[in-house]
Amino acid sequence: MKVQLRYFASIREALGTGSESLDTQAGTLAALRAELVARGGAYAEALAPGKSVRVALNQTMSAETAALPEGAEVGFFPPVTGG
């Protein structure tokens, strides 16, 4: 299935892109993240397991256990801090 990926802030900087389209077989957001990590390089570093990353599904913050529907827009965000 095809999904649209959006990367924000430090993740966008690390990957060198703000968005991309992806054909995936992932059924959940967690499986999608694992697929991206498996690419290696900057993806493995920016989205590594255990690294704090928030995920939005169709512009709603979601748990990584959420099902990934066809045509979804998925956003990856670093944690936000304020002061």
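Let's start inside this predicted model, with Val55, a residue that is buried, with a relative accessible area of 3%. The cut-off for calling a residue buried is under 20%, so Val55 qualifies. You'll find Val55 in strand 3, which covers residues 54-57.

What does Val55 touch, leaving out residues up to four places away in sequence? The list is Leu29, Thr60, Met61, Ser62, Glu64, Val74, Gly75 and Phe76. Take Gly75 from that list: Val55 and Gly75 are 20 residues apart in sequence, yet their C-alpha atoms are 5.6 Å apart in space.

Strand 3 has strand 5 (residues 73-77) as a partner, with four bridges joining the two in an antiparallel arrangement. Strand 3 also pairs with strand 4 (residues 60-62), again antiparallel, over three bridges. Strands 3 and 4 make a hairpin with two residues between them. In that turn sits Asn58, which has a positive phi of about 50 degrees.

Elsewhere, strand 1 (residues 2-7) and strand 2 pair up too, antiparallel, through five bridges. Here are some residues that face each other across these pairings:

| Residue | Opposite residue | Strand of the opposite residue |
|---|---|---|
| Leu57 | Val74 | strand 5 |
| Ala56 | Met61 | strand 4 |

Now zoom out. The five strands make an open sheet in the order 2-1-5-3-4, and the pairing is mixed. Which strands stand at the edges? They are strand 2 (19-23) and strand 4, and each has a single partner strand, so one side of each is left without a neighbour in the sheet. On average, neighbouring strands of this sheet are turned by 30 degrees against each other, if you ignore direction.

**A helix on the sheet**

Helix 2 (residues 29-37) packs on this sheet and touches strand 1, strand 2, strand 3, strand 4 and strand 5. The direction of helix 2 makes about 65 degrees with that of strand 5.

Which residues of helix 2 are buried? They are Leu29, Leu32, Arg33, Leu36 and Val37. Looking down the axis of helix 2, you'd see these buried residues fall within an arc of 140 degrees, so they line one face of the helix. Among the elements covering them are helix 3 and strand 3.

**The nonpolar core**

How many residues are in the largest nonpolar core? There are 22, and those with the most contacts inside it are Leu5, Leu32, Leu36, Leu47, Leu68, Val74 and Phe76. Two or more residues each come from strand 1, helix 1 (9-15), helix 2, helix 3 (41-46), strand 3 and strand 5. Helix 2 gives the largest share, four residues.

**A buried glutamate**

Finally, hop over to Glu20, in strand 2. Is Glu20 buried or exposed? Glu20 is buried, with a relative accessible area of 17%. The side chain of Glu20 makes a polar contact of 2.6 Å with the side chain of Tyr7, and another polar contact, at 2.9 Å, links the side chains of Glu20 and Tyr43. Beyond four places away in sequence, Glu20 touches Val3, Gln4, Leu5, Tyr7, Arg39 and Tyr43.

Definitions and conventions: Residues are numbered from 1 along each chain as its sequence is written. This is a predicted model: local features need pLDDT of at least 70, side-chain atom pairs count only at pLDDT 80 or more; totals for chains, interfaces and linings use all residues. Side-chain values use heavy atoms; hydrogens and water are left out. Buried means under 20% relative accessible area, exposed over 50%, partly exposed in between (1.4 Å probe, protein chains only). Contact means heavy atoms within 4.5 Å. Two strands pair if DSSP finds at least two bridges between them. Axes are lines fitted to C-alpha atoms, for helices over the stretch in contact, and angles run from 0 to 180 degrees between N-to-C directions. A nonpolar core is a set of buried Ala, Val, Leu, Ile, Met, Phe, Trp, Tyr and Cys residues joined through side-chain atoms within 4.5 Å. The arc is that of the directions from the helix axis to the C-beta atoms. A polar contact is a pair of N or O atoms within 3.5 Å; within protein, one must be able to donate a hydrogen and the other to accept it, and residues adjacent in sequence count only if both atoms are side-chain atoms.
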